[in-house]
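Work through the exercises below with the sequence and the structure at hand. Each task is followed by its solution.

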Amino acid sequence: MKILIFLFVILVIVASAISFIWNNYINDFLISLVINFLNTVLGYYVSKKYFNAPQSIFYTMIYGTMFVRFMILLSAMLLLILNEHVNTVPFFLSFMAFYVISQIFEIKSFLSFNRLNSNA
């Protein structure tokens, strides 16, 4: 849980720093921040829940939910851009930046689960 709090703090700091430079696009940054944070929380929950499951279930759940989450993210991004709820370039760039940051934290949490499991 510390990783999620740390991720949220990092994302808020990055979003606020960017919003001072481009204050016209703060809504775009906040929307991408919230979507990516929810994605990371869901990924963290799934990996924590199924980490000790049998190998076939583990891979099915991890990669299956990763695919489903990515499709939902892509659909949300396209829906927001095509309906002109956000500015395309700032939203897309902030979305990709937050996605990369959240994936780094998701992988770090996965590695910490592995470390804790191997120590036990």
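This is a predicted model: local features need pLDDT of at least 70, side-chain atom pairs count only at pLDDT 80 or more; totals for chains, interfaces and linings use all residues.

Residues are numbered from 1 along each chain as its sequence is written, and side-chain values use heavy atoms, with hydrogens and water left out.

**Exercise 1. Describe the chain as a whole.**

Solution. Start with the elements: helices (H or I, at least four residues) and strands (E, at least two) are DSSP runs, numbered from the N terminus. The chain has 4 helices and 0 strands, in the order α-α-α-α from the N terminus on.

Next, take the extent: the C-alpha trace spans about 50 × 25 × 15 Å along its principal axes.

Then turn to burial, where buried means under 20% relative accessible area, exposed over 50%, and partly exposed in between (1.4 Å probe, protein chains only). Of the 120 residues in the chain, 35% are buried.

Last, look at contacts, meaning heavy atoms within 4.5 Å. Of those between residues at least 6 apart in sequence, 74% join residues at least 24 apart.

**Exercise 2. Find the aromatic pairs and classify two of them.**

Solution. The rule is that rings of Phe, Tyr and Trp (its six-membered ring) pair if their centres lie within 6.5 Å; planes under 30 degrees apart count as stacked, over 60 as edge-to-face and the rest as tilted. The count comes to 5 aromatic pairs.

One of them is Tyr59 with Tyr63, at 5.8 Å centre to centre and 5° between the planes, hence stacked. Both residues lie in helix 3 (residues 55-82), 4 residues apart, about one turn of the helix. Tyr59 is partly exposed, with a relative accessible area of 37%.

For Phe91 and Phe95, the ring centres are 5.5 Å apart and the planes are at 45°, so this pair is tilted. These two are 4 residues apart in helix 4 (residues 88-119), separated by about one helical turn. Both Phe91 and Phe95 are buried.

Finally, ring pairs link Phe51, Phe58, Tyr59 and Tyr63 into a cluster.

**Exercise 3. Which residues make up the largest nonpolar core?**

Solution. A nonpolar core is a set of buried Ala, Val, Leu, Ile, Met, Phe, Trp, Tyr and Cys residues joined through side-chain atoms within 4.5 Å. The largest has 9 residues: Ile35, Leu73, Met77, Leu80, Ile81, Val86, Phe91, Phe95 and Tyr99. Helix 3 and helix 4 are the elements that give two or more residues to this core, and helix 3 gives the most, with 4 residues.

Ile35 touches Leu73, Leu80 and Phe95, not counting residues up to four places away in sequence.

**Exercise 4. Is Asn36 buried or exposed?**

Solution. Asn36 lies in helix 2 (residues 26-50). The relative accessible area of Asn36 is 0%, so this residue is buried. With residues up to four places away in sequence left out, Asn36 touches Leu73, Phe95, Phe98, Tyr99 and Ser102.
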